[in-house]
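Please walk through the strands and helices of the model shown below.

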Amino acid sequence: MRTAGARARRRAGRGRAAAAGIALAVLAAGGCSDDTPAGSEAADALAAVRVPDTIVVTSPVLTDGGPLALPFTCEGPGFSPPLQWTDLPEGTAEVTVVLDDIDAPGGTYVHWIATGIDPTEAALLEGQLPPDAVSAVNSGGEPGYAPPCPPEGEEHRYVFSVYALGEPLPAPEALTVDETLDAIAGSAIARGVLATRFTR
């Protein structure tokens with residue numbers, strides 16, 4: 001059950017998330033270029049967490065294993081794509097969505113962490129977060145969706161992971177990307193993925 005304090009923290013971060021949603025294309029547009037900083041070991045550790053892969057993730061505009069459409073990359077407006085999920089397990093306290101570039105030169109690069117999503121929600125709309133949800137800090141050090149932008153001529157794989165958490169994350173807007181990923185790893189009870197690819 002959410003506490004009043006948790007809801008207040010979500011609302012405090014929602015303004016920042018909304019502002020990030022308006023200017024998504026600005027955030028780390030070169031985030032996965034050749035000068036990408038070292039990848040996140042916490043992202044690799046999270047991917048290795050043993051939880052049931054029972055959540056089904058789909059999108060009205062993306063297919064698993066298919067291309068990431070230009071509107072959701074640095075070649076377009078850079079909006080976050082619409083996503084849908086089903087089969088959340090009993091006991092889900094909140095939902096978190098993570099977008100990783102698993103082919104970034106420096107290692108896994110985290111483009112987006114959207115958390116605080118109420119388990120009664122079953123989808124994200126294009127470029128939007130539901131009430132009380134928060135965009136945590138990504139590998140570029142900014143909150144929000146950093147549109148994928150691999151080096152020219154390279155194809156990278158971008159994985160959208162939906163996690164069911166047994167407990168809400170503590171004030172994710174105040175955490176570093178690795179702290180957020182560690183907290184997700186410690187609270188995840190199930191997940192599902194939608195893998196895409198993008199070539200500039």
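Glu179 lies in helix H3; helices (H or I, at least four residues) and strands (E, at least two) are DSSP runs, numbered from the N terminus. With a relative accessible area of 40%, Glu179 is partly exposed (buried means under 20%, exposed over 50%, partly exposed in between, with a 1.4 Å probe and protein chains only). The C-alpha atom of Glu179 is 8.0 Å from that of Ala42, 137 residues away along the chain.

This is a predicted model, in which local features need pLDDT of at least 70 and side-chain atom pairs count only at pLDDT 80 or more, while totals for chains, interfaces and linings use all residues. Residues are numbered from 1 along each chain as its sequence is written, and side-chain values use heavy atoms, with hydrogens and water left out.

An open sheet of five strands runs in the order E6-E4-E3-E7-E8, with antiparallel pairing; two strands pair if DSSP finds at least two bridges between them. Strands E6 (134-135) and E8 (188-199) are at the edges and have a single partner strand each, so one side of each lacks a neighbour in the sheet. E6 pairs with E4 (residues 109-117) over two bridges, in the antiparallel sense, and Thr115 stands opposite Val134 in E6. Helix H3 (residues 177-187) packs on this sheet and touches E3 (94-101), E4, E7 (155-165) and E8, where contact means heavy atoms within 4.5 Å.

Three strands form an open sheet in the order E1-E2-E5, paired antiparallel. Its edge strands, E1 (56-58) and E5 (123-124), each pair on one side only. E2 (residues 83-86) is joined to E5 over two bridges in the antiparallel sense, and Leu83 stands opposite Leu124 in E5.

Key:
Axes fitted to C-alpha atoms, helices over the stretch in contact; angles between N-to-C directions.
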